[in-house]
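Please look over the model shown here before reading the points that follow.

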There are 2 protein chains.
Amino acid sequence: MPIYNAPLKDMDFILNDVFKADEFWQANENLAHVDMATANAILEEMAKFSKNVILDLNRSADEAGGAEFHQGEVKTPAGFKEAFKQFAEGGWVGLGASEEFGGQGMPKMLTVLADEMIWSTNPSFMLYPLLTVGAGMAINDRASQEQKETYLPKFYTGEWSGTMCLTEPHSGTDLGLIKTKAEPNADGSFNISGTKIFITSGEHDLSENIIHLVLAKTPNAPAGSRGISLFIVPKFNVNADGSIGEHNAVAAGSIEHKMGIKGSATCVMNFDGAKGFIVGKENEGLAAMFVMMNYERLSMGIQGIGAAEFAYQNAAQYATDRLQGRSATGVQSPEKPADSILVHGDVRRMLLNIRANNEASRAFAVYVGQQLDITKFSTDEEAVRKANDRVALLTPIAKAYLTDKALDSALEAQMCFGGHGYIREWGMEQCIRDLRISQIYEGTNGVQAIDLIGRKTTKCSGAFIAEYIADIREFAASMADSKVKAATIQVCNDVEGLTQFIVEQSKTAPDFSNAVAVDYLHAVGLLSFVYMFARISQAAASKPEPFYQNKLVLADYYVAKVLPDLAARAQRIKAGSALIMQLPEEYFTAQS
Amino acid sequence: MPIYNAPLKDMDFILNDVFKADEFWQANENLAHVDMATANAILEEMAKFSKNVILDLNRSADEAGGAEFHQGEVKTPAGFKEAFKQFAEGGWVGLGASEEFGGQGMPKMLTVLADEMIWSTNPSFMLYPLLTVGAGMAINDRASQEQKETYLPKFYTGEWSGTMCLTEPHSGTDLGLIKTKAEPNADGSFNISGTKIFITSGEHDLSENIIHLVLAKTPNAPAGSRGISLFIVPKFNVNADGSIGEHNAVAAGSIEHKMGIKGSATCVMNFDGAKGFIVGKENEGLAAMFVMMNYERLSMGIQGIGAAEFAYQNAAQYATDRLQGRSATGVQSPEKPADSILVHGDVRRMLLNIRANNEASRAFAVYVGQQLDITKFSTDEEAVRKANDRVALLTPIAKAYLTDKALDSALEAQMCFGGHGYIREWGMEQCIRDLRISQIYEGTNGVQAIDLIGRKTTKCSGAFIAEYIADIREFAASMADSKVKAATIQVCNDVEGLTQFIVEQSKTAPDFSNAVAVDYLHAVGLLSFVYMFARISQAAASKPEPFYQNKLVLADYYVAKVLPDLAARAQRIKAGSALIMQLPEEYFTAQS
């Protein structure tokens with residue numbers, strides 16, 4: 001069976017040494033209730049829960065075929081119900097939620113680390129509370145006080161759960177095309193009718209009520225994305241006293257059969273005049289969605305880290321145990337029939353790639369989490385403005401770059417196992433199948449890249465990235481000379497040049513940026529990760545223990561062996577869009 | 001349901017225009033029975049069989065869970081038996097086998113194209129005849145005339161089938177560690193005892209007998225890989241008259257539960273004093289394996305092409321049909337609610353990546369097939385020497401580079417579908433799961449890279465690659481000026497420089513080459529593909545029809561957008577091995 005041990009030491013290092021979390025928390029009155037002792041206690045508890053409760057359920061749920069659908073009802077895999085009860089009773093659903101409504105008020109820079117452990121050990125399980133947390137965030141931000149009081153406390157006890165109902169069969173990325181209708185009733189409620197697909201946790205048996213947040217169009221709403229409103233549609237209507245009433249006219253029509261995350265029920269939801277209540281103002285539904293979008297997209301990046309960490313641990317253990325061949329420099333283990341495959345440079349290359357990306361990814365998630373905490377908790381307007389811009393810029397990196405690197409990592413980890421990696425019992429192939437969705441949902445990684453290069457870059461003429469680069473340069477200037485420092489400065493220059501080129505080209509070629517978007521996303525991802533290694537290096541440099549000194553080696557490895565990808569990305573961006581756009585549409589499907 | 005239409009026009013173009021197959025065949029008396037008319041007739045028949053008979057069985061076999069194991073017997077998925085009967089009756093098993101034993105004697109440069117279609121439509125099905133073909137090749141090369149007459153004709157009618165039994169639980173890449181024993185009997189036969197794992201088609205219900213080719217060690221054999229012999233071990237003993245006798249002491253103990261190719265039975269085979277017959281000389285078993293290794297490894301590359309072609313066709317169709325968003329240059333389809341996603345550069349980028357790699361891969365497979373045909377059919381000793389060296393050099397590229405690119409392609413194709421790509425019914429996720437094994441089996445792609453950089457490059461001080469580059473330069477010199485010509489010459493220089501660097505470094509650092517092997521493999525892969533585009537361009541340049549002119553655009557696309565990967569590979573190679581080898585083994589599993 002697969003192994004997992006939470007990387008608590010690295011988590012502590014990142015919070016405490018790299019981001020000096022205690023200072024940051026103590027300096028902010030809204031976060032002064034948190035300190036490293038609390039943080040480590042929380043992480044240690046989650047380390048136990050993830051390893052002891054949900055890890056084994058991950059394989060068993062997949063082997064059993066995942067969630068089951070029968071006559072409108074969904075049965076979650078064996079053990080999920082008990083595990084969720086324990087999870088909810090531990091207060092984990094509301095870990096990052098407002099204390100006013102029963103949450104624990106923990107900062108995002110801490111919760112990203114707790115979340116990582118759940119993503120490592122059972123991604124299907126994680127999706128049940130995740131959507132509740134997202135729905136809670138939208139309600140907390142946009143709903144009325146009465147709505148908040150009705151729904152949020154129930155969310156954070158785990159009694160009720162939430163969903164986000166956006167996608168329709170013909171309308172995914174382009175939400176302007178949705179057809180779900182909201183007809184107003186005399187009492188201020190609406191009747192919601194339409195079909196939503198790909199609804200995570202749309203139906204299940206973990207909670208006694210499910211609160212759907214549904215995008216729909218009111219009569220005479222403007223066409224496209226400006227005419228979308230957001231509604232609360234409970235599975236069971238809620239009585240005035242907060243108790244559960246009659247079943248609303250909403251039901252799951254089926255669940256999807258998927259590549260992975262089989263334990264998570266992905267539902268087709270049919271709304272047939274279901275009673276709904278508007279959240280916030282009419283036609284401002286998309287804006288309400290965007291409130292939680294940055295958090296949700298960061299979560300997908302954490303899914304990536306979780307999977308890649310799990311993959312790494314298992315591959316490193318397998319490589320240590322597996323004896324094949326001898327070292328090219330001479331026999332290392334004469335007492336054994338062969339050396340461990342760790343003597344082979346190619347196996348080490350794969351493991352170091354994974355580890356370097358994981359450690360940078362984890363630091364980056366904490367960094368973005370900290371920026372989100374500034375937007376939420378800081379009272380300094382300029383700091384909030386800057387953090388908002390930073391989050392806007394980096395959310396596509398957190399979502400897409402982290403998951404792209406995570407899939408590369410999981411594939412390399414599987415490869416370390418040779419043929420055994422292809423066999424289900426080792427858990428590597430499930431890890432890949434479960435992880436793959438992270439690149440697709442919450443906006444495909446291509447869509448993330450287009451968001452980065454368009455709304456976040458060309459639209460502001462590169463202002464967000466310029467401010468980011470300025471901060472990185474300032475940090476690099478504070479460092480003692482090293483390869484990582486030199487590389488960081490060089491990459492700042494390179495990405496600055498690429499950004500200027502893109503902003504310039506986009507002025508005359510409207511389809512330029514879309515065609516080079518993914519390459520640009522990866523360029524900014526590389527910049528971000530070398531920046532993380534700069535921060536890691538500075539935090540580790542003065543400490544003599546191998547744990548710290550090895551981080552300097554890993555940083556050098558990153559610069560020497562991973563960062564060269566930037567050269568390829570830059571060449572592709574410079575090659576422009578003409579060759580991509582030139583062939584006629586019929587070329588693509590013409591018989592060859 | 002997924003679609004598939006064999007790319008017959010491109011296949012004809014590659015054979016006829018790029019490689020001038022008719023001239024080549026007619027110039028060789030051993031191949032003069034083949035011409036383009038025959039070739040196209042064969043390919044058209046296979047196009048029908050693959051589309052009409054086995055395509056639908058691919059999804060149904062996977063959905064049903066694949067091959068089933070019960071009390072030592074394997075039931076292949078519904079429909080496989082009838083399809084295999086039709087396949088065998090069509091003479092497809094022996095398409096490339098010697099006519100002396102009932103084969104059709106077709107050249108490899110043709111059979112690679114027929115094989116591609118089966119890999120596109122049903123990779124699990126393909127694995128049943130594939131192992132028979134491989135076993136037949138080893139028998140044809142090394143066995144006695146009597147053994148050939150006993151087994152080969154039965155293989156090519158499909159009555160009997162074959163396997164290759166190499167791997168053991170503790171012995172995969174390092175075959176020197178095998179423990180299976182062969183005790184000699186007085187009658188010249190041997191008793192074979194041991195356990196083999198990962199035996200493709202080790203047990204099944206498609207043929208009336210299964211002939212296992214088994215690697216085992218005789219008593220007092222030298223240690224390691226020099227003490228391995230090859231044995232024929234029939235499932236049912238064969239009587240003197242060729243009829244089937246008693247069950248031999250060999251049986252499947254179980255089948256593996258895998259990520260993909262579920263329709264293919266991957267067996268644990270237990271040999272319990274089974275009667276076996278030596279093939280060729282004692283202790284020359286590994287050499288006998290290597291006879292067929294180049295063919296088998298090319299087959300894995302073709303598995304890659306097949307999967308990537310299938311993935312491309314489905315993704316291109318989906319992208320044409322799916323309407324989301326509007327073109328950045330203005331509405332393209334005002335009569336529709338949105339434009340097709342083909343207006344977005346990022347979707348085109350993915351499709352063009354796939355198509356460019358597919359067309360180069362297909363040409364490359366034919367090129368390597370032609371080299372194999374020269375080794376087998378030519379009477380010109382120098383031509384045979386040169387082709388043998390070329391095949392030795394390029395087999396790791398054919399196996400590993402083609403499958404690496406194919407997985408990238410299948411992943412990009414899945415991404416074109418957005419969320420729908422993650423849903424089983426579309427067939428994209430199965431394509432990825434089935435394809436993934438091609439990078440792992442027949443020697444992992446890392447092992448291929450080590451073979452390329454070691455035995456095929458540093459061992460001969462770069463002689464093989466030097467001769468290859470000389471040929472490519474000569475070809476480029478014959479071209480009219482173009483971007484592809486310039487790029488081809490540049491890449492020759494780059495790879496020549498990298499090779500010299502590696503040969504030099506390896507002299508003093510024995511673990512250098514292993515650590516940079518995969519990057520070097522990709523560098524040589526890029527060289528090979530730009531060479532293929534040079535040949536494609538020259539064949540297409542003078543023809544005005546869009547089919548040909550679009551190939552020039554695709555070649556330019558390749559140079560501008562795919563080839564930049566070389567810059568990254570070169571930087572990584574130059575960064576060397578020190579950072580990879582420096583950390584102690586315990587670093588990799590130490591708690592972080």
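**Notes on chains A and B**

1. Strands here are DSSP runs (E, at least two residues) and helices are runs of H or I with at least four residues, both numbered from the N terminus. This is a predicted model, in which local features need pLDDT of at least 70, side-chain atom pairs count only at pLDDT 80 or more, and totals for chains, interfaces and linings use all residues. Residues are numbered from 1 along each chain as its sequence is written, chains are lettered from A and ligands numbered from 1 in the order in which they are written, and side-chain values use heavy atoms, with hydrogens and water left out.

2. β6(B) and strand β7 (residues 229–234) of chain B run antiparallel, joined by 6 bridges. Strands count as paired if DSSP finds at least two bridges between them.

3. Strand β3 (residues 160–165) of chain B runs parallel to β6(B), again with 6 bridges. Here I210(B) in β6(B) has S161(B) opposite.

4. Strand β6 spans residues 209–216 of chain B, and 8 of its 8 residues are buried (under 20% relative accessible area, 1.4 Å probe, protein chains only). N209(B), I211(B), L213(B) and L215(B) point one way, while I210(B), H212(B), V214(B) and A216(B) point the other way.

5. In chain A, helix α16 (residues 546–562) reaches 22 Å from first to last C-alpha, close to the 24 Å expected at 1.5 Å a residue. The expected span is 1.5 Å times one less than the number of residues. Of its 17 residues, 13 are buried.

6. UniProt, in an unreviewed entry, lists residues 469–584 of chain A as "domain: Acetyl-CoA dehydrogenase-like C-terminal"; such annotations may be inferred rather than shown by experiment. Over residues 469–584 the chain is 82% helix and 0% strand.

Notes. Buried means under 20% relative accessible area, exposed over 50%, partly exposed in between (1.4 Å probe, protein chains only).
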